[in-house]
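Hi everyone, thanks for coming. Have a look at the chain on the screen while I talk you through a few places in it.

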Amino acid sequence: MRAITIPDPGGPDALVWAEVPDPEPGPGEVIVDVRASAVNRADLLQRQGYYPPPPGAPEYPGLECSGVVGATAPDVSGWEVGQPVCALLAGGGYAERVAVPAGQVLPVPAGIDLVDAAALPEVACTVWSNVVQLARLTAGETLLVHGGGSGVGTFAIQLGSALGATVVVTARSAKHDQVRELGAAHVIDYREQDFVEEIRRVTGGQGADVILDIMGASYLGRNVAALATGGRLVVIGMQGGRKGELDVGALLAKRGTVAATALRSRPLAEKAEIVRGVREQVWPLVAAGTIRPVVDRRLPMVDAAAAHRRVESNEHVGKVLLTVP
């Protein structure tokens, strides 16, 4: 088979479409014949040599895919050869075939195109596990989403709205109309406006009950300032750096919570639990059309370098997909 390899870390042109060995299903695994994968920030870091896959994971980039079941291990039940699926991966989605733990495989939701389904697993599992399972967002609360035009952001807007929350997002002005169409009640241009002042203004001084943050260090102090009393900040990215200063007094005064999570490195059992929650609670919303995959563009897998450049430009809205013939 063929896959995107990274012979030497570097820029987008470090990605090479090459012949590699076919995967074989290990115990508890399903082989997926890939029709599409999606570009995530982790893929950019892996390409640059900063984020190697966890032990045992395929060395190729790609944290999600869609396709059809090509084979299953003898101990796997519930999945049939030829069945359309999508899957959460620890790596390997930029390939023609990938072996996936059966607990991380999902059916394609009703009404969703097989290629577009590749835009769902990583963002659905990330948002569900952080906003719902960890931060316990409920109806009537305010959710602040940083990076509202990203793949995670566009999904968080839709899920937060579906749960009855008021969703506020930060995004560059060119993306405001699109994120409003997805359900954002208020949009903040982070380059022109102070999001702390704006979140206080739109909440009558209360602040955000839940903040989903992709920036990390550079936003830490301001995120705490933007929290409501009893608010929950969940950090899922470090685009703004690794090390920041935390005013513990401010956090204590708000009785706030700061949590940070990663999905890729979690044990298989934890990932399977998250996937079950997504299938039971989120997939019906997708099938009903309440939540939809947001696709910026589709590019052939051989054009992975162009896809990486698109994501690095921060001009995309939603997911950039890579398709396999």
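**A walk through the model**

Let's start at N314, which sits in the loop between α9 (304-313) and β15 (319-323). Helices and strands here are DSSP runs (helices H or I, at least four residues; strands E, at least two), numbered from the N terminus. Before I go on, this is a predicted model, so local features need pLDDT of at least 70 and side-chain atom pairs count only at pLDDT 80 or more, while totals for chains, interfaces and linings use all residues. Residues are numbered from 1 along each chain as its sequence is written, and side-chain values use heavy atoms, with hydrogens and water left out.

Back to N314: its phi is positive, about 65°, although it is not a glycine. Most residues other than glycine have a negative phi. N314 counts as partly exposed because its relative accessibility is 27%; buried means under 20% relative accessible area, exposed over 50%, and partly exposed in between, using a 1.4 Å probe and protein chains only. R136 also has a positive phi, about 60°, and is not a glycine. You'll find R136 in the loop between α2 and β8.

That brings us to helix α2. At what angle do the axes of α2 and α3 cross? For α2 (residues 121-134) and α3 (residues 151-162), the answer is roughly 55°, and the axes come within 9 Å. Axes are lines fitted to C-alpha atoms, for helices over the stretch in contact, and angles run from 0 to 180 degrees between N-to-C directions. That makes α2 oblique to α3; under 35 degrees counts as roughly parallel, over 145 as roughly antiparallel, 65 to 115 as roughly perpendicular, and the rest as oblique. Contact means heavy atoms within 4.5 Å, and here it is made by V123, A124, T126, V127, W128 and V132 of α2 with G151, V152, F155, A156 and L159 of α3. Those residues divide into 9 nonpolar, 2 polar and no charged. For the classes, Ala, Val, Leu, Ile, Met, Phe, Trp, Tyr, Cys and Pro are nonpolar, Asp, Glu, Lys and Arg are charged, and the others, Gly among them, are polar.

Now α2 against α8: they pack at about 85°, with axes 10 Å apart, and are therefore roughly perpendicular to each other. On the α2 side the contact includes A124, W128 and Q133, and on the α8 side it includes V278, V282 and W283. By class, this contact has 8 nonpolar, 4 polar and no charged residues.

Next, the core. The largest nonpolar core has 44 residues, and F155, V169, V278, V282 and W283 have the most contacts inside it. A nonpolar core is a set of buried Ala, Val, Leu, Ile, Met, Phe, Trp, Tyr and Cys residues joined through side-chain atoms within 4.5 Å. Among the elements giving two or more residues are β5 (84-88), β9 (166-170) and α8 (268-287). Which element gives the largest share? That is α2, with 7 residues.

Last stop, two more residues. A259 lies in strand β13 (residues 257-260) and is buried, with a relative accessible area of 17%. Beyond its neighbours within four places in sequence, A259 touches L134, L233, V234 and V235. L246 lies in the loop between β12 (227-235) and α7 (248-253), and at 35% relative accessibility L246 counts as partly exposed.
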